[in-house]
Amino acid sequence: MFEQVADRLKKAEKIVFVTGAGISQESGIPTFRGKDGLWRKYDPMKLATIDAFYENPKLVWEWYDERRRNILAANPNAGHLSIAELEKYKQVFVLTQNIDGLHQRAGSTQVYELHGSIITIKCTVCDFKDKITTGFSQLPPLCKCGNMLRPDVVWFGEPLSQGIWQSAIEQASSCDVMIIVGTSLAVSPANLLPVYAKQNGATMIEVNIEQTPMSQSMDVSLRSSAAKTLPELVSIVS
Ligand code: BV8
Ligand code: ZN
């Protein structure tokens with residue numbers, strides 16, 4: 001079975017990755033739903049919704065500020081780096097649910113951030129959007145227009161950016177191989193991307209330490225860590 005997948009990897013022109021928190025776990029960034037996952041300690045409805053933000057903006061900001069500092073202190077791991085390296089040999093697109101920017105820091109050039117970025121802020125009222133470069137003198141930080149700034153992430157109950165979502169569907173629907181890494185596929189609509197690829201005949205590979213709802217639909221499921229497995233997969237084509 002693995003040999004057949006290796007052959008399709010070699011022949012593939014376009015490879016699309018769908019990634020989740022598991023790919024950054026070995027960089028020291030906690031996942032959401034696993035054993036040490038963030039949602040075991042915190043209630044997402046109290047931290048990752050617009051209602052929670054208006055109810056307690058300081059609390060929500062403190063949580064994001066701490067996560068951002070942890071993320072900026074972390075480094076891309078061998079998983080992120082090997083996806084970036086694959087661009088030397090193939091057309092590669094990364095559709096990520098992560099907000100940590102580690103794919104870009106690893107060198108990937110075609111990254112679609114489905115759930116936004118923790119490195120950027122936007123105004124809750126006007127069009128202002130910017131990268132965060134320094135710490136804030138107060139939380140929540142305020143925009144020049146006087147209204148609150150918020151992290152530029154997609155919270156539960158909010159729509160994904162239409163442009164990014166449409167591009168993600170197009171890439172998923174037109175790839176030869178899809179490699180799904182470190183996601184529980186629990187969150188919609190991102191969990192539909194493998195369905196688009198499968199419907200269009202892509203070879204499906206999963207890299208995850210645990211089973212997922214799509215494991216049965218995979219051509220091969222590799223039950224081991226992203227930082228260990230991705231370099232091995234990339235070495236097949238290099
Ligand atoms: C939307 C960003 C239209 C910020 C995140 C009921 C009420 C309201 C809404 C809904 C509802 N039912 C369904 C919905 C829709 C909702 C949804 O799917 N909810 C689920 C939870 C039921 N989705 C939305 O609201 C989305 N918008 O649908 O708009 C709409 C609007 C209103 C009503 C209906 C529809 C927006 C979702 C965006 C959520 N944003 N956060 C932040 O991070 O703070 S979600 C959060 O989960 C993360 O950010 C992450 O992006 C996302 C996905 O999680 P994963 O990445 O998969 O991580 P997880 O921990 O789950 O899994 C890790 C995996 O890695 C595991 O499988 C593990 O085995 C594996 N692993 C661990 N270590 C390793 C590893 N694998 C390999 N190597 C390792 N080392
Ligand atoms: Zn503003």
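Mentor: C126 is partly exposed, with a relative accessible area of 33%. C145 falls into that class too, since its relative accessibility is 38%. (Buried is under 20%, exposed over 50%, partly exposed in between, with a 1.4 Å probe and protein chains only.) The model is predicted, with local features needing pLDDT of at least 70 and side-chain atom pairs 80 or more, whereas totals for chains, interfaces and linings use all residues. Residues count from 1 along each chain as written, chains are lettered from A and ligands numbered from 1 in written order, and side-chain values use heavy atoms, without hydrogens or water.

C126 and C145 both belong to the site of the zinc ion (ligand 2), which is coordinated at 2.3 Å by the SG atoms of C123, C126, C143 and C145. (Donors are N, O or S within 2.8 Å of the metal, or 3.2 Å for Na, K and Ca.) The angles among these 4 donor atoms run from 105 to 119°, and the site is tetrahedral, a term that requires all angles to lie between 85 and 135 degrees. Along the chain, the donors of the zinc ion (ligand 2) follow the spacing C-x2-C-x16-C-x1-C. (Strands are DSSP E runs of at least two residues, helices H or I runs of at least four.)

The strands named here are themselves connected. Strand β4 (residues 116-123) runs antiparallel to β6, and 5 bridges join the two; pairing requires at least two DSSP bridges. In one of the contacts, I121 has P151 in β6 as its bridge partner. Strand β6 is largely enclosed by the rest of the structure, because 5 of its 5 residues are buried.

W155 is buried, at 2% relative accessibility. The C-alpha atoms of W155 and A52 are 9.9 Å apart in space, although 103 residues separate them in sequence.

What does the aromatic side of this region look like? The structure holds 10 aromatic pairs. (Ring centres lie within 6.5 Å; planes under 30 degrees apart are stacked, over 60 edge-to-face, the rest tilted.) F53 and Y54 form an edge-to-face pair, 5.6 Å centre to centre with 65° between the planes. F53 is buried at 0% relative accessible area, whereas Y54 is partly exposed at 46%. F53 also pairs with W155 in a tilted arrangement, with 5.3 Å between centres and 35° between planes. This pair links distant parts of the chain, as F53 is in helix α5 (residues 50-55) and W155 is in the loop between β6 (149-153) and α9 (162-173), 102 residues apart.

Ring pairs extend this contact into a cluster of F32, W39, Y42, F53, Y54, W63, Y64, W155 and F156. The ring of W63 also has the charged end of R67 over it, 4.3 Å from its centre. (A charge sits over a ring if Lys NZ or Arg CZ is within 6 Å of the centre and within 35 degrees of the normal.)

Key
Rings of Phe, Tyr and Trp (its six-membered ring) pair if their centres lie within 6.5 Å; planes under 30 degrees apart count as stacked, over 60 as edge-to-face and the rest as tilted. Four donors count as tetrahedral if all angles lie between 85 and 135 degrees; four count as square planar and six as octahedral if opposite donors are over 155 degrees apart and all others between 65 and 115; anything else is irregular.
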